[in-house]
Amino acid sequence: MNWTWFHKLGSPKWFYEISGRWLPWISISAAVLMLVGGVLGLAYAPPDYQQGNSFRIIYIHVPAALLAQSTYISLAVAGIVGLVWKMKIADIALQQAAPIGAWMTVIALFTGAVWGKPTWGAWWVWDARLTAMLILLFLYFGIIALGHAITNRDSAAKACAILAIVGVVNIPIIKYSVDWWNTLHQPATFTLTEKPAMPVEMWLPLLIMTIGFYCFFAAVLLMRMRTEVLRRESRTRWAQAEVARQIGRKA
Amino acid sequence: MNFNSFSEFLAMGNHGVYVWSAYGVSCAILVLNVVLPLLARQRYFKNEARRLRREAQQ
């Protein structure tokens with residue numbers, strides 16, 4: 001297998017160039033998918049026979065919750081890559097993805113609370129799934145705080161990578177909490193292996209929204225990483241040339 | 001279209017408050033996630049421009 005792409009990926013300059021080319025397309029896809037998914041979910045999907053229209057919250061709740069967990073897994077993967085291959089870009093990805101993951105967890109918890117009120121009659125219950133999601137939020141806070149607390153960049157990268165890897169144990173707990181314990185939270189509505197039990201007008205917006213949320217994550221992550229790459233590479237000639245070009249364009 | 005009128009769409013069958021607050025807050029958070037990094041990028045370039053000007057004067 002040809003591994004050049006992997007080593008290239010470790011080069012901040014190559015990353016900056018390629019991400020600049022991808023970013024517009026990913027951003028447009030995210031905007032279009034989320035808009036289409038939102039309109040279909042809000043206006044065109046039929047109401048749930050038990051929950052009525054409050055179920056429409058699913059179209060942001062589920063994508064945000066999925067993304068919050070995927071983001072955490074990607075932090076752990078970035079942590080492993082950073083520890084094993086000492087790749088600079090991995091630490092940048094970890095640090096920049098953590099706030100996005102935290103925000104997605106906030107969206108999942110908030111929309112869950114707003115959905116819980118009309119459905120369960122309570123904004124919050126200390127249910128296994130909800131509590132595990134709250135722990136995920138605190139793990140994100142821990143990683144963000146740790147990254148800011150340690151001034152030495154290499155030590156900060158190492159500490160955050162280790163916390164990300166250890167914390168990943170929470171992800172299967174979130175996933176299987178609905179099976180292991182008696183929870184108020186319903187079990188997974190969808191599985192990869194079975195046909196969905198709801199009509200296509202109901203699940204298609206969810207699929208579109210989920211892909212849209214992942215594109216959104218990719219776009220915001222690349223945007224954040226590009227600024228951080230420039231900042232960290234400010235001593236190199238290519239980064240100085242890029243900054244000069246950007247300043248010149250604005251002036 | 002699942003609703004007969006726009007007011008019905010807004011009402012969401014008595015669940016309007018829940019649905020719209022969930023969508024509104026989430027939308028605001030998503031916008032924040034786009035705007036803050038863009039502002040940070042602009043601020044970085046502004047600071048760099050100031051630094052370069054200062055160095056040029058010396």
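Helices here are DSSP runs of H or I with at least four residues, numbered from the N terminus. An axis is a line fitted to C-alpha atoms, for helices over the stretch in contact, and angles run from 0 to 180 degrees between N-to-C directions. This is a predicted model, in which local features need pLDDT of at least 70, side-chain atom pairs count only at pLDDT 80 or more, and totals for chains, interfaces and linings use all residues. Residues are numbered from 1 along each chain as its sequence is written, and chains are lettered from A in the order in which they are written.

**First stop: two helices.** Select α2(A) and α8(A), whose axes come within 6 Å and cross at roughly 150°. Because angles over 145 degrees count as roughly antiparallel, α2(A) is roughly antiparallel to α8(A).

**Second stop: the two chains.** Show chains A and B together: 32 residues of chain A are in contact with 25 residues of chain B (contact: C-beta atoms, placed from the backbone, within 7 Å). Now select α4(A), which gives the most to this side of chain A, with 10 residues.

**Third stop: the core.** A nonpolar core is a set of buried Ala, Val, Leu, Ile, Met, Phe, Trp, Tyr and Cys residues joined through C-beta atoms within 7 Å; buried requires 20 or more other C-beta atoms within 10 Å of the residue's own. The largest such core has 71 residues, of which A:I57, A:A64, A:L94 and A:F216 touch the most other members. Its largest share, 17 residues, comes from α4(A).

**Last stop: A:A64.** Which residues does A:A64 touch, not counting residues up to four places away in sequence? They are A:M104, A:I107, A:A108, A:T111, A:F213 and B:S26.

Note on methods:
Contact = placed C-beta atoms within 7 Å. Buried ≥ 20, exposed ≤ 12 C-beta atoms within 10 Å, placed from the backbone. Parallel < 35°, antiparallel > 145°, perpendicular 65-115°, else oblique.
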